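Colleague: I have a new model open and would like to walk through it with you. Could you take my questions one by one?

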Amino acid sequence: MSIPYTTDLHQIAPDTYAYLQGNPATGYSNAGLVLSGDEALLVDTLYTLGQTRQMLDTIAKALPAADIRFVVNTHSDGDHWWGNQLVGDATIISSTVAAREMRHHGTEILAPVLSEGADPRLQAILSPFDFSGITPTYPTIAFNGELELTVGTRTVRLLEVGPAHTVGDVLIHVPDAKVLYAGDIMVFGGHGVVHTGPIDNFIHACDVILGLDVDTVVPGHGPVGGKAEVARVRDYLERVRDHATATHKEGKTALESAREFDFSEFADFYGAERVILNIGAVYREINADGTPGPGQLLHQMVDLADEVKAGS
Ligand SMILES: [Zn+2]
């Protein structure tokens, strides 16, 4: 089954849906919907109120009886929860650490990029989005480890696998549909990002997915896939870890390391410049002193993006 990568609500199994935004660029995340009778669980809201409203309108049109009782936020990045206020009547759930992180992860984190005098190349990444009107709306239930929910007559399992992409990543497993919603533990067709790591936890999260009885995986970004795509992400992360560990030993900077990364097997992945963030995360782990800082890496990432463009 191949699901078109278009901005729409796509059925991926009986009463089980992926809402995709058919764009691999930063800020266009995916979401999901699990339905049983009239009762629905929504996986993630989106970056802006406009995006989230469009998604909710699409759901209401396709499934007019669906009543969103539960929302699960897969993690604390804004493109997965800043639309929460539009489903504020639902029970909103995340891991305890993600819920805590959200308190420090409102739109104020964009200020350094949006303020006057900031790098225009970073500003350009955010220029398509209108962040006005967002009132941070936090989870009402938080859990550690695992949580099993009943949606109508269906079972939905939440599995905490962070810290990996962020501190509190959660996978959503729908056993009767053999579907897994991965949040940003999975980005298909592009370079995912290791914000916090450790990278070995991230690789372990891939193994958790590979060990489940699932046929369909909805990534946080990119088209719907399956275990073959998960295995590729795992392979990519191992390459990044091994490459970064070696270049760190050689005394190279994260930027030098990124320039030397062998992209040949991942030439079809969007956003090659993001590799520097992942190399930087491995470096931070080894250095254990907070360096290189994520802000510095973002600036080097746009430098690298210019080089990648000039070289292609
Ligand atoms: Zn995301």
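Modeller: Gladly, and one definition comes before the rest: donors are N, O and S atoms within 2.8 Å of the metal (3.2 Å for Na, K and Ca), and water is not among the atoms, so sites may look incomplete. This is a predicted model, in which local features need pLDDT of at least 70 and side-chain atom pairs count only at pLDDT 80 or more, while totals for chains, interfaces and linings use all residues. Residues are numbered from 1 along each chain as its sequence is written, and side-chain values use heavy atoms, with hydrogens and water left out.

Colleague: Which spacing do the donor residues of the zinc ion show in sequence?

Modeller: The zinc ion is held by Asp79 (OD), His80 (NE2), Asp184 (OD) and His221 (NE2), at 2.1 to 2.3 Å. Written as a sequence pattern, the spacing of these donor residues is D-H-x103-D-x36-H.

Colleague: Is the arrangement of the four donor atoms around the zinc ion tetrahedral, square planar or irregular?

Modeller: Four donors count as tetrahedral if all angles lie between 85 and 135 degrees; four count as square planar and six as octahedral if opposite donors are over 155 degrees apart and all others between 65 and 115; anything else is irregular. Around the zinc ion the angles run from 83 to 163 degrees, so the arrangement is irregular.

Colleague: Is His80 buried or exposed?

Modeller: Buried means under 20% relative accessible area, exposed over 50%, and partly exposed in between (1.4 Å probe, protein chains only). Asp79, another zinc donor, has 8% relative accessibility and therefore counts as buried. His80 has 0%, so the answer is buried.

Colleague: How compact is the protein chain for its 312 residues?

Modeller: Helices (H or I, at least four residues) and strands (E, at least two) are DSSP runs, numbered from the N terminus, and the protein chain has nine helices and twelve strands. The radius of gyration is taken over C-alpha atoms, and the globule rule is 2.2 Å times the number of residues to the power 0.38. That rule gives 20 Å here, and the chain is close to it, so it is as compact as a globular protein of that length, with a radius of gyration of 19 Å.

Colleague: Is Ala288 buried or exposed?

Modeller: Ala288 lies in the loop between α8 and α9, and has a positive phi of about 55 degrees although it is not a glycine. Its relative accessible area is 66%, so Ala288 is exposed.
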